[in-house]
Amino acid sequence: MARGHNHPSGSTLMLDTLAAHNGLLNVSPMVKTAFCVVCLVLCVSAADLAVGIFVAVSMVLIMWLLGKISLHKLLHLLRIPLAFLIVSCAVILLELTPEPMGLWHIPFGSRNLCITKESLRHAVTLFFQAMGAVFCLYALSSSTPVPQLIDVFRRCHVPELVIELMYLIYRYLFLLLDVQQKLTIAASARLGYSGLKRSATTAGRISGTLLASSFRRSSQCYDAMESRCYDGKLRFLSHMPPVQTVHALAAGVYVLVLVGFIVVRKGWL
Amino acid sequence: MDAPIIQLENVSYAYPDGPMAVKNLSVSIGKGERVAVLGRNGAGKSTFFLLCNGILEPGEGTLFCGGQPVTRKKKDLLELRRRVGIVFQEAENQILAVTVEGEVSFGPMNLGLPLQEVEKRTGEALSSMGLHDYAQRSPQFLSGGEKKRVTIADILAMEPELILLDEPTSSLDPENVTRLEETLDQLSEAGIALVVSTHDVDFAARFAARGLVFSHGRLIADDSLAHIFSDSALLEQASLRKPWLWQAAEAARPGESAYPLTMDQYRQWLKQSVVSR
């Protein structure tokens, strides 16, 4: 078997492994999904610095203390969204003005690159608002295996076609990655990646081979499905942890606190 | 006598835009039989399996299941596929669901059984393959041998009378081949007929008494393995070699008509040779 076959690397696959061993695995995925989606919506629509920080910190605490994910792994997970966030917030942070103004500025050609009080506030708020949202989604995806998540969608009456596509894509993603990995190893063993031009050609060829092998494989898979009486509908047994009152209550209390916090911050009382 | 589970009568099949894959094939498999299917790559073994399960429709000839001709009607095909299951060579191409339990339940679910019955059968199939603790695991994290057992449990949950295994030993290490042989014995004891295609003649000799030899789409022998391995012309035509045990015995005492195929037969054969001296 190829290297890494049993322990695929990369953050999508890492989430998969984390979800399989998560401390919150026996909490009903319905509760987890509803909880995370509500928190996400509240956090984004509040558009408030303190609310963002509150949600981000509490989600980290949930993942760390209840989900038993080490802080080190959380930090590792954060790398990709953090890079995106920093770049996009930097764009908002900097303003191009004819005159030097604001908290900080440098000349940039004939104009000036400035950070104003307004843009700083805007960028920081956006950063934490987005962080809160990112952690909401991580809290869901690090504690709920994809099969359970798909089951939640099924119960929410997402169209059958979408559900089946999700199943099959998730299932064959790993196979495709495995084949790709083997092809890449075989290509680099024949010096297919020496030099930029050759690397590009090799990568192209590998994609082509991958497509061809996907076609071949799909017809074999279809034969195997038919031999087990497949009639156009994917049906499997699935066991979902039932909703427990304690979990629903805890989620409800948190959401109430969050709503209260938003109300106070907005000065609606 | 009971009707054979499956019977092919003068069946031919050609893939679209391809040459004849199976020509004029007549063969029948009875209850509880153990049959080895031999022949080189592309000889028609896999096509034979797909025909037996109704995935491919015979171009000519008829397929009978339990004495009844099988038509392309949905009801007939469902019945055929319930009674005859295929364990495919590549487990990865067969495994579909994202949990082991879901995977094994796919067949029974498609048979339209009540949920309780599906759960019962899935549980039983998992237990008999020693996979009960793996029910909620993802198949992609299992080893090769475990995946093979999942694919057998897949079919077992449909409670078939005949299981066709397409080169089950090809991707297994020796330890898992031994486990597979134990599993096959267990299935035989449960009264399930087994047809296994293989390139490993030593394995075939241990496993079966009856052999089918394919060459260029034709069934060139349907006989006991002892007869097959004593026919040098046949072996050459199908590019098969004799099992090592057979060759060793032949080297020790050339000129006999047949030699031992299994270790038990070999011990017996050794005793005889001592007595005859």
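Modeller: Gladly! In this predicted model, strand S2 (residues 104-108) and strand S3 (residues 111-115) of chain A pair in the antiparallel sense over five bridges.

Colleague: What makes S2(A) and S3(A) a pair?

Modeller: Pairing asks for at least two bridges, and these strands have five, so they qualify. Within the pair, A:Pro107 stands opposite A:Asn112 in S3(A). S2(A) and S3(A) form a hairpin with two residues between them, and A:Gly109 in the turn has a positive phi of about 65°.

Colleague: Why is S2(A) called hardly covered?

Modeller: A residue is buried if 20 or more other C-beta atoms lie within 10 Å of its own. The count of buried residues among the five of S2(A) is zero, so the strand is hardly covered.

Colleague: How do you know which residues of chain A and chain B belong to the contact?

Modeller: Two residues are in contact if their C-beta atoms lie within 7 Å. By that test, the contact takes 26 residues from chain A and 32 residues from chain B. On the chain A side, H8(A) (196-227) gives the most, with eight residues. That side divides into 14 nonpolar, five polar and seven charged residues.

Colleague: And what are the domains of chain B?

Modeller: They are domain 1 (6-241) and domain 2 (243-277), with C-alpha centres 31 Å apart. The contact between them takes eight residues from each domain. On the domain 1 side, the largest share, four residues, comes from H8(B).

Terms used. Residues are numbered from 1 along each chain as its sequence is written. Chains are lettered from A and ligands numbered from 1 in the order in which they are written. This is a predicted model: local features need pLDDT of at least 70, side-chain atom pairs count only at pLDDT 80 or more; totals for chains, interfaces and linings use all residues. A residue is buried if 20 or more other C-beta atoms lie within 10 Å of its own, exposed if 12 or fewer, and partly exposed in between; C-beta atoms are placed from the backbone. Ala, Val, Leu, Ile, Met, Phe, Trp, Tyr, Cys and Pro count as nonpolar, Asp, Glu, Lys and Arg as charged, and the others, Gly among them, as polar. Domain bounds come from an automatic or database domain assignment.
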